[in-house]
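Please look at the sequence and the model first.

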Amino acid sequence: MTVSSQETHIGGLAIGYLPDRLGSASDFEFEWGGVAFVQRVWETRLDGASPDSGAWRVDLQIQAMRGEALADMDALRAFLAEYHERGDDWKPEPFGADGLSSDREVARLLAPGLAVEVRDPFSRQGIDEVRQVAAAITKAQ
């Protein structure tokens with residue numbers, strides 16, 4: 001997908017790849033558990049929904065996360081388990097040397113204190129696209 005430079009940067013990270021089927025983007029900043037988030041969400045209005053109905057579906061989320069709680073891979077996993085309210089049975093698979101992958105998301109620890117998470121909460125893109133997006137995110141130069 002051809003994207004503008006604004007779309008390719010979020011929270012000090014460069015996004016090297018995005019799928020073609022993304023709707024409108026919105027950015028949000030917040031803090032949770034001592035970690036600062038910069039989140040971009042792409043959404044598409046549901047078929048037949050009026051513009052003011054609020055009937056939108058999330059296509060993809062990317063969130064840059066910064067904080068001392070993200071010191072290493074074990075800390076990243078523990079933080080995400082708490083943030084997403086996952087139980088002890090949550091067992092993400094390794095994603096390269098710096099990441100975790102589960103059914104609809106990939107998280108990577110880019111440096112101690114700096115992580116990114118790519119999510120497809122409604123399976124609109126598929127995990128292969130999520131993995132491609134996550135693999136193409138780097139610290140911005």
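Is Ser 123 buried, partly exposed or exposed? Ser 123 is partly exposed, with a relative accessible area of 43%; buried means under 20% relative accessible area, exposed over 50%, and partly exposed in between, with a 1.4 Å probe and protein chains only. Ser 123 is found in the loop between β9 and α2 (127-135), and has a positive phi of about 55 degrees although it is not a glycine.

**Basis of the values**

This is a predicted model, in which local features need pLDDT of at least 70 and side-chain atom pairs count only at pLDDT 80 or more, while totals for chains, interfaces and linings use all residues. Residues are numbered from 1 along each chain as its sequence is written, and side-chain values use heavy atoms, with hydrogens and water left out.

**Overall description**

The chain has 2 helices and 10 strands. Helices (H or I, at least four residues) and strands (E, at least two) are DSSP runs, numbered from the N terminus. From the N terminus on, their order is β-β-β-β-β-α-β-β-β-β-α-β.

For 141 residues, a compact globule would have a radius of gyration near 14 Å, and the 15 Å of the chain agrees with this. The radius is taken over C-alpha atoms, and the globule rule is 2.2 Å times the number of residues to the power 0.38. The C-alpha trace spans about 45 × 35 × 30 Å along its principal axes.

Of the 141 residues, 41% are buried. The chain exposes about 7,600 Å², of which carbon and sulfur atoms supply 46%; accessible areas come from the Shrake-Rupley method with a 1.4 Å probe, and for residues only the protein chains shown count as cover. Among contacts (heavy atoms within 4.5 Å) with a separation of 6 or more, 56% join residues 24 or more positions apart.

There are 14 positive and 24 negative side chains, and the centres of the two sets lie 3 Å apart. Lys and Arg count as positive and Asp and Glu as negative, with His and the chain ends not counted. The place of a charge is taken as NZ of Lys, CZ of Arg, CG of Asp or CD of Glu.

**Strand pairing**

Strands of a sheet pair through backbone hydrogen bonds, either parallel or antiparallel. Two strands are taken as paired if DSSP finds at least two bridges between them. The following antiparallel pairs are described here.

| Strand pair | Bridges | Opposite residues |
| β3 (24-32) and β4 (35-45) | 9 bridges | Ser 26 and Val 41 |
| β7 (99-102) and β8 | 4 bridges | Gly 99 and Arg 108 |
| β8 and β9 (114-119) | 6 bridges | Ala 107 and Glu 117 |

An open sheet of 3 strands has the order β1-β2-β10, with antiparallel pairing. Strands β1 (9-10) and β10 (137-139) stand at its edges with a single partner strand each, so one side of each is left without a neighbour in the sheet.

The hairpin of β3 and β4 has 2 residues between the strands, and Gly 33 takes a positive phi near 60 degrees there. β7 and β8 also form a hairpin with 2 residues between them. In the hairpin of β8 and β9, again with 2 residues between the strands, Gly 113 takes a positive phi near 90 degrees.

**Strand β8 and Glu 105**

In β8 (residues 105-111), 7 of the 7 residues are buried, so this strand is largely enclosed by the rest of the structure. Glu 105 has its place in β8 and is buried, with a relative accessible area of 5%. Not counting residues up to four places away in sequence, Glu 105 touches Arg 86, Trp 90, Leu 100, Glu 117, Val 118, Arg 119, Ile 127 and Val 130. Arg 86 is 19 residues from Glu 105 in sequence and 13 Å away in space, C-alpha to C-alpha.

**Loop residues**

Most residues other than glycine have a negative phi. Glu 85 has a positive phi of about 55 degrees although it is not a glycine. Glu 85 lies in the loop between α1 (73-83) and β6 (93-95) and is exposed, with a relative accessible area of 73%.

Arg 21 is found in the loop between β2 and β3. Leaving aside neighbours within four places in sequence, Arg 21 is in contact with Asp 59, Arg 124 and Gln 125. The C-alpha atoms of Arg 21 and Val 38, 17 residues apart along the chain, are separated by 22 Å.
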